[in-house]
Amino acid sequence: MLKGIKVTAIVIISVLMLIWLTCTLLLNHARDLKLDQYKLTNPWLLEHYQRTDVPVEHGWRLAEQLFMEIESQLYVNAEPKLLLNRPLLGGILLEDLIVLATDDNLILFDTEGGYIGTLGAAELIPAEIQNIGLHHGLPVLQTRSGMWQGNSILDDWQLISLQGVSWSESIPIPESTKNELRQQLEAHNIKLTTLLEGICNGRFFGEQGRWLIDALLLLIMVLALRGMFGLTDKS
């Protein structure tokens, strides 16, 4: 019986080591494997990872649409719309067109919050954008190289110096929108990497999980030292 218990303990410890090492290996190559793109929708996991915090405080309200960025995802009125390659800097309302700016692109939406397209270097948009604003109804970009004013269809930009530009300013996110975002994050934003990180640091198993991982690492160290000394003795 004692031998059976010993074998069972060895099997359990070996499985835990294998799981931990596999998760660590996957996390080490998470970017190459694009693990952030995999979402977990298991009901038990959704309940386990309930979120009460919303990682955003400010957004931009344009034509009654609220735009905000959460973890490289652009949200419109608490609904995810598209992935952002660069941080969102601000936005303006240009007649019936909403223009959002990152440091290298202009992202276009209609006044209903529908995505239209993205303009960049290929469309001669000035590079290294720092802010976006309006001057007498025309778009203005502040860049590292200076201030640029465009026309109403965003296809011609002139380097210029202007006073009285109305620059884009963010506003605090309303609590009602935060509540909607919490529901969205709970349902759609549990990433595979979140699960792997929780297993690796032990937090997935609760407060005692950290001690479990510590014990597992100490055991690996002991086994490694025994192996080293065993090789030395044989030599």
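Student: In β11, which residue is the bridge partner of Thr-143?

Tutor: First, a word on what you're looking at: this is a predicted model, where local features need pLDDT of at least 70, side-chain atom pairs count only at pLDDT 80 or more, and totals for chains, interfaces and linings use all residues. Residues are numbered from 1 along each chain as its sequence is written, and side-chain values use heavy atoms, with hydrogens and water left out. Now, β10 and strand β11 (residues 146-150) run antiparallel and are joined by 4 bridges; two strands pair if DSSP finds at least two bridges between them. In β11, the partner of Thr-143 is Gly-146.

Student: How many helices and strands does the protein chain have?

Tutor: Both are DSSP runs, numbered from the N terminus: helices are H or I with at least four residues, strands are E with at least two. On that basis, the chain comes to 6 helices and 14 strands.

Student: In the hairpin of β9 and β10, which residue takes a positive phi?

Tutor: Strand β9 (residues 129-135) runs antiparallel to strand β10 (residues 138-143), with 6 bridges joining them. One of the pairs puts Gly-133 across from Val-140 in β10. The hairpin has 2 residues between the strands, and the one with a positive phi, near 55°, is His-136.

Student: What is the order of the strands in the open sheet?

Tutor: The sheet has 5 strands with antiparallel pairing. Its edge strands, each pairing on one side only, are β4 (79-83) and β14 (171-172). Inside the sheet, strand β3 (residues 73-76) pairs with β4 over 4 bridges, and Tyr-75 has Pro-80 as its bridge partner in β4.

Student: Is Gln-65 buried or exposed?

Tutor: Gln-65 sits in strand β2 (residues 65-70). Leaving aside neighbours within four places in sequence, its contacts (heavy atoms within 4.5 Å) include Trp-60, Ile-98 and Gly-113. Its side chain also has a polar contact of 2.6 Å with that of Asn-77; that term means a pair of N or O atoms within 3.5 Å, where within protein one must be able to donate a hydrogen and the other to accept it, and residues adjacent in sequence count only if both atoms are side-chain atoms. Buried means under 20% relative accessible area, exposed over 50%, partly exposed in between (1.4 Å probe, protein chains only), so with 10% Gln-65 is buried.

Student: Why is β7 largely enclosed by the rest of the structure?

Tutor: Look at its partners: β6 is joined to β7 by 5 antiparallel bridges, with Ile-98 opposite Phe-109. On β7 there's also pairing with strand β8 (residues 115-119), over 4 bridges, where Leu-106 meets Leu-119. As for burial, β7 is largely enclosed because the buried share of its 5 residues is 4.

Student: Which residue forms a salt bridge with Arg-86?

Tutor: A salt bridge is a side-chain nitrogen of Lys or Arg within 4 Å of a carboxyl oxygen of Asp or Glu, and by this rule the count comes to 1. Here the closest N and O atoms are 2.8 Å apart, and the partner of Arg-86 is Asp-103.

Student: How many residues apart in sequence are the parts that this pair ties together?

Tutor: Arg-86 is partly exposed, at 38% relative accessible area. It lies in the loop between β4 and β5 (90-94), while Asp-103 is in the loop between β6 (97-101) and β7 (106-110), so the parts tied together are apart by 17 residues.
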